Amino acid sequence: MTTTLHPVARLMEPKEFRSDLKPIWCPGCGDFGVLQAVYRALANIGRPPHEIAFMSGIGCSSRIPGYTTAYGFNSVHGRALPIAQGIKIANPELLVLVAGGDGDGFSIGGGHLPHAVRRNVDLTYVVMDNQIYGLTKGQLSPTSRRGLQTATSIYGSLEQPVNPLLYMLAYGAGFVAQGTPADMPGLASVIEEAIRFPGFAFVNAQSPCVTFGDPEQQLRAHKANMRSLATLGHDPADRLKAMALAAEYGQELYTGVFYRNPEPAPTYDAQIAQRKAALRAQALPRERILDLFRKTGAK
Amino acid sequence: MEIEERRRPGEGELQDYARFAITASGISPISQPGMRGGNYLASGIEHNERGAPTASGVMHSRMTQKRLHKFDTLKRRRDLFRVFGDESAPVGLVSWGSCAGVCREALARARANGLKAKLLVPYLLYPVAEEVYEDFFASVRVGLIVEQSHQGQLYRMLRMFVELPRGVRSFAKNGANPFLPTEVAGHLQEAAETLQRERGDRHEPQE
C-alpha cells in the first residue's frame, strides 16, 4: 500500500499545498470548500507536494489541481481517470488524486468508470457534484434533477438523473463516500480516508454552483438537510445497506462513508509489481522489446 | 531500436523551475512527478512559462512561437526522406506510406524503359521540410504526387508550402482499389512525353 503513511511522512500544514494561483471560481462556489478539504486531507496524509499527482478533466471543478502545489494535469473532458491510472501504474510510489465534475465524470467520462473501478488502481477520485455544467454557463448535467430549468432547457429536464453513489457501488468500488462543504471537517475526513484506502476510492462532494445551480440546493440547504451516516448507525462494511442508502440520492443528503470494503481487493499496481517480479528473469532490455514479437528462431 | 528520451531537467534546472521556459530550441526540459522542485500544472489552456493559465495575448504569441519553433529542428531531418533514381531527373514522383512501394516499382519500370526519373519518399509529412522539397524539385519539370487520398491532401499541402513546378500534378484516388505499378508507370510515361513535346516546341535539347 503506497498511500498510507509514507515512511518519511510528517504532519504538514494545509498552506503547504496552496499554490499562488488565484481560483477563478465565483464567490461562494462550493469548490472553495472542497479545495480547503483537500488541503486539510493532504496535510494529514503528510506526503510532500512533489510526490502527489493530481489529475483532472475539464470544468470549473477540474481547475482544482492548479490551486495546489502538487504536480497537476488538467487534461481532456472526461479523460482524467485513464490518465491517472497510467501515471500510478508508471510510478506506484506517487499519491494519485483525480478530480472532476458530474458531467466530466458521469457523462463523457462515464465509460471509464467501470474499468477504473474493476482495475482497482490505487487512487482517489473526487467528483464535485453540482448537478450542472457550470463552466459553460449552466446546462443540464447527468445529475440534474428532473424538471430543472436552465437557459438551454427552458421547459425543464425530462430526464431522470443518474445516481453516482449507486453507480460506483454497483461497479464494485471498494470505497464510496459523500461529503459537502457545509460540513468541512466531515468532507476533509472522507477525502483523507479515501486517500488512505488501498485501491480505487470514490468521494462524491456535493459542491453547489452558486451562479447556475439549482437555487434550492445551495449550501444553506445542505446544512439544513445533511444527515451523517455515522450518527445513523450505518456500518460501512455492509454493502447492501450502503446501496439501499445510496438509492436515496437526490432525496436525502447522506454524508460520510457509504461503503468501505473490509477486505480490500489487491490493487492493479500491486499485481503488476508481482508479475514483474515473477517475469524479471526473462526480461529483455527495453531496446530489445520488439524481440518479443518475432517468431522463434528468427533474427 | 534506439529509444530517445525527452529532455529532463538537470540539477540546477529544478531551482526556480519553469516547465515551459522559452529556450533557444523551443524545447524546454520536462520534469516528472516525484522530482522535488519540478512541480507544475500541465493544461491544454494557454499558459505562461510556469504553466499558470493566462489569457494574455502577448504570452499566447510567445508560446505559439515557442511551440512552432520546435518544428525547425524537424525540418532539418533529411534522414526522414529517401530519394530513389536519377538525381538530376526532369521527371519526379512523390509518394508516401504504402503507395511508396508501388511507386518504387513504377520507377524501376520507367527507368528500365530509358526514362530519367526519380522518386522522393517522405517519412515526415508535417512540418513540411521546404528545403528538402525545393532541392528535389530543382531539376524536375513534370511529375506526380501519388497518394491514396480522394482529395489529394499531400499535393494540396505541398502546394501550400512549396513552389511546385507547373508540370507536377496530383495523381490521387480513394482507398477502394490500390495503385498498380503499371498505371503509375503509364502516367509517368505520359508526363515525360508531354515534356518532350514542350521541349520540342521550344526547341530545347531533349534528354
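## A first look at chains A and B

The C-alpha centres of domain 1 and domain 2 of chain B lie 41 Å apart. This is a predicted model, and in the domain assignment of chain B, domain 1 covers 11-69 while domain 2 covers 78-203.

**Where the chains meet**

Let's begin with the contact between the two chains. Chain A brings 19 residues to the contact and chain B brings 20 residues. The size of an interface is often given as the accessible area lost when the parts come together. Here, chain A and chain B bury about 1500 Å² between them, with 61% of it on carbon and sulfur atoms. On the chain A side, H50(A), Y71(A) and R286(A) supply 41% of the area buried against chain B, more than any other three residues.

R286(A) also takes part in a salt bridge: its side chain meets that of E5(B) at 2.3 Å, N to O. The count between chain A and chain B is one salt bridge. Across the interface there are also 10 residue pairs in polar contact, counting pairs with both residues at pLDDT 80 or more. Strand 2 of chain A, residues 71-74, gives the most to the side of chain A that touches chain B, with four residues.

**Inside chain A**

The largest nonpolar core has 36 residues, and V34(A), I64(A), F175(A), I191(A) and V203(A) touch the most other members. Several elements of chain A each supply at least two residues of this core, including helix 1 (30-45), strand 3 (95-101) and helix 6 (184-196). Helix 1 of chain A gives the most, with nine residues.

What is V34(A) in contact with, leaving aside its neighbours within four places in sequence? The partners of V34(A) are I64(A), V126(A), M128(A), P181(A), L187(A), A205(A) and S207(A). A second, separate core of 32 residues includes Y125(A), F200(A), L229(A) and Y249(A).

**A closer look at S19(A)**

S19(A) is found in the segment before helix 1 of chain A. S19(A) counts as buried because its relative accessible area is 16%, and buried means under 20%. Leaving aside its neighbours within four places in sequence, S19(A) is in contact with Y39(A), G66(A), Y67(A), T68(A) and T69(A). Its side chain reaches two backbone atoms, as listed here.

| Side chain | Backbone atom reached | Distance |
|---|---|---|
| S19(A) | nitrogen of L21(A) | 3.2 Å |
| S19(A) | oxygen of G66(A) | 2.7 Å |

Terms used:
Residues numbered from 1 in each chain as written. Chains lettered and ligands numbered in written order. Predicted model: local features only at pLDDT ≥ 70, side-chain atom pairs only at ≥ 80, totals over all residues. Heavy atoms only, no water. Domains from an automatic or database assignment. Core = buried A, V, L, I, M, F, W, Y, C linked by side-chain atoms within 4.5 Å. Buried < 20%, exposed > 50% of the residue type's maximum accessible area, 1.4 Å probe, protein only. Contact = heavy atoms within 4.5 Å. Buried area = accessible area lost by both parts, 1.4 Å probe. Salt bridge = Lys/Arg side-chain N within 4 Å of Asp/Glu carboxyl O. Polar contact = N/O pair within 3.5 Å; in protein donor to acceptor, adjacent residues only side chain to side chain.
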